[in-house]
Amino acid sequence: MSKKALLIEDDDMTIMCLKNFLKQEGFEAETAENGNAGIEKLKSSSFDVIMVDFNLPDMEGDKVLATIKANGGSYGKAVLMSGDDNLKGQYESKGFNFFLHKPVTKPQFKEFAAQL
């Protein structure tokens with residue numbers, strides 16, 4: 001049985017790349033184009049990992065995660081994604097397990113996936 005990932009991201013190119021990387025690492029990936037859509041998906045499904053862009057059109061990534069937790073959404077690990085390296089030092093305090101710098105490269109993703 002493959003692992004499930006939810007990718008909450010609004011950039012089409014990033015979605016395409018990350019879905020490909022996830023597939024190569026044995027994940028079945030679902031996507032949501034904004035925070036509210038991701039929250040809705042987590043009401044009806046559970047995921048082994050959720051990957052959340054910090055700068056979404058409707059809310060910041062930490063607000064997405066807080067809402068998911070408040071609603072009892074089920075996920076294993078949470079990943080914050082951003083091009084802002086200042087967030088790298090803050091991801092744990094925002095409730096995330098990992099940080100991925102965008103744009104995410106294949107070697108960076110493989111290193112991250114080994115930790116899941």
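1. A starting point in this predicted model is the stretch just after helix H3, where Gly-72 takes a positive phi of about 75°.

2. Helix H3 itself spans residues 61-70, and its buried residues are Gly-61, Asp-62, Val-64, Leu-65 and Ile-68. Around the helix axis these residues cover an arc of only 155°, which places them on the same side of H3. What do the buried residues of H3 pack against? Their partners are strand S1 (3-8), helix H2, strand S3 (47-53) and strand S4 (75-82).

3. Is Asn-34 buried or exposed? Its relative accessibility is 18%, and because buried means under 20%, Asn-34 counts as buried. A polar atom of the Asn-34 side chain lies 2.8 Å from the backbone nitrogen of Ala-37. If neighbours within four places in sequence are left aside, Asn-34 is in contact with Ile-8, Leu-56, Pro-57 and Asp-58.

4. Turning to the aromatic rings, a search of the whole structure finds four aromatic pairs. One of them joins Tyr-91 and Phe-99, whose ring centres are 6.4 Å apart with 35° between the planes, and this pair is tilted. Tyr-91 counts as buried at 19% relative accessibility, and Phe-99 is also buried, with a relative accessible area of 12%.

5. The pair formed by Phe-109 and Phe-112 has its ring centres 5.5 Å apart and its planes at 65°, so this pair is edge-to-face; the reasoning rests on the cut-off that planes over 60 degrees apart count as edge-to-face. Both residues lie in helix H4 (residues 106-113), three residues apart, which is about one turn of the helix. An α-helix has 3.6 residues a turn, so residues three or four places apart point the same way. Phe-109 counts as buried at 1% relative accessibility, and Phe-112 is buried with a relative accessible area of 4%.

6. Which residues do ring pairs link into a cluster? The cluster holds Phe-109 and Phe-112 together with Phe-21 and Phe-98.

7. A last point concerns a charge and a ring: the charged end of Lys-4 sits over the ring of Phe-47, at 4.8 Å from the centre of that ring.

Technical notes: Residues numbered from 1 in each chain as written. Predicted model: local features only at pLDDT ≥ 70, side-chain atom pairs only at ≥ 80, totals over all residues. Heavy atoms only, no water. Buried < 20%, exposed > 50% of the residue type's maximum accessible area, 1.4 Å probe, protein only. Polar contact = N/O pair within 3.5 Å; in protein donor to acceptor, adjacent residues only side chain to side chain. Contact = heavy atoms within 4.5 Å. Helix = DSSP H or I, 4+ residues; strand = E, 2+ residues; numbered from the N terminus. Arc of directions from axis to C-beta. Phe/Tyr/Trp six-rings, centres within 6.5 Å; stacked < 30°, edge-to-face > 60°. Lys NZ or Arg CZ within 6 Å of the ring centre and 35° of its normal.
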